[in-house]
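Hi,

Here is the structure I promised to pass on. Have a look at it first, and then read my notes below.

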Amino acid sequence: QVHLLESGGGLVQAGGSLRLSCTASGTIVSIDDMAWYRQAPGKQRDLVARIMSDGTTNYADSVKGRFTISIDNAKNTVHLQMNSLKPEDTAVYYCHASGLRTGLPRYFDVWGQGTLVTVSS
């Protein structure tokens with residue numbers, strides 16, 4: 001089993017910053033990528049940022065220049081530094097990870113429970 005534990009959500013004023021963290025634990029052999037998605041009320045879940053095992057990153061256009069994703073491979077932990085937050089960034093943020101694990105099935109694809117980010121105007 002592989003599990004994700006998220007932390008760092010909360011309430012912040014517009015223009016402020018928050019840092020989300022997500023740690024993967026369990027029978028992990030290797031991680032292919034880790035990512036953050038978000039889902040606002042009544043909307044679909046969308047990709048915010050992804051980081052691959054080789055360090056390649058990609059971001060949603062709406063967060064480019066404001067958010068930075070990074071990974072600590074030794075700790076299987078991904079961080080999302082969110083600066084210049086806007087009210088439209090308000091959403092539940094979900095961590096996602098995929099890779100290989102011991103046992104069967106070898107491939108894992110898991111989601112965290114979500115952490116709420118609220119940006120007040």
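**What I found**

Asn83 is partly exposed, because its relative accessible area is 29% (buried means under 20%, exposed over 50%, and partly exposed in between, with a 1.4 Å probe and protein chains only). Before I go on, this is a predicted model, so local features need pLDDT of at least 70 and side-chain atom pairs count only at pLDDT 80 or more, while totals for chains, interfaces and linings use all residues. Residues are numbered from 1 along each chain as its sequence is written, and side-chain values use heavy atoms, with hydrogens and water left out.

Back to Asn83, which sits in the loop between E8 and E9 (strands, E, are DSSP runs of at least two residues, and helices, H or I, of at least four, numbered from the N terminus). Its C-alpha atom is 4.4 Å from that of Ser17, although the two are 66 residues apart along the chain. The side chains of Asn83 and Ser17 also make a polar contact of 2.9 Å (a pair of N or O atoms within 3.5 Å; within protein, one must be able to donate a hydrogen and the other to accept it, and residues adjacent in sequence count only if both atoms are side-chain atoms). Beyond its neighbours within four places in sequence, Asn83 is in contact with Gly16, Ser17, Arg66 and Phe67 (contact means heavy atoms within 4.5 Å).

**Salt bridges**

How many salt bridges does the structure hold? There are four, where a salt bridge is a side-chain nitrogen of Lys or Arg within 4 Å of a carboxyl oxygen of Asp or Glu. One of them joins Asp33 and Arg50, at 3.5 Å from N to O. Asp33 belongs to strand E4 and Arg50 to strand E5, so this pair ties together parts 17 residues apart in sequence. Asp33 counts as buried, at 10% relative accessibility.

Then there is a network of salt bridges that links Arg38, Arg66 and Asp89. Arg38 and Asp89 meet at 2.9 Å, N to O. Since Arg38 lies in strand E4 and Asp89 in the loop between strand E8 (77–82) and E9, that pair ties together parts 51 residues apart in sequence. For Arg66 and Asp89, the closest N and O atoms are 2.8 Å apart. Arg66 is buried at 11% relative accessible area, and Asp89 counts as buried at 0%.

**Arg101**

Arg101 lies in strand E9 (residues 91–101). What about its charge? Arg101 is buried yet has no salt bridge, and the nearest side chain of opposite charge, Asp109, is 12 Å away (Lys and Arg count as positive, Asp and Glu as negative; His and the chain ends are not counted). The side chain of Arg101 does reach the backbone oxygen of Pro105, at 2.9 Å, and one of its polar atoms lies 3.1 Å from the backbone oxygen of Leu104. Leaving aside neighbours within four places in sequence, the residues in contact with Arg101 include Gln1, Val2, Thr27 and Phe108.

Happy to go through any of this with you.

Best wishes
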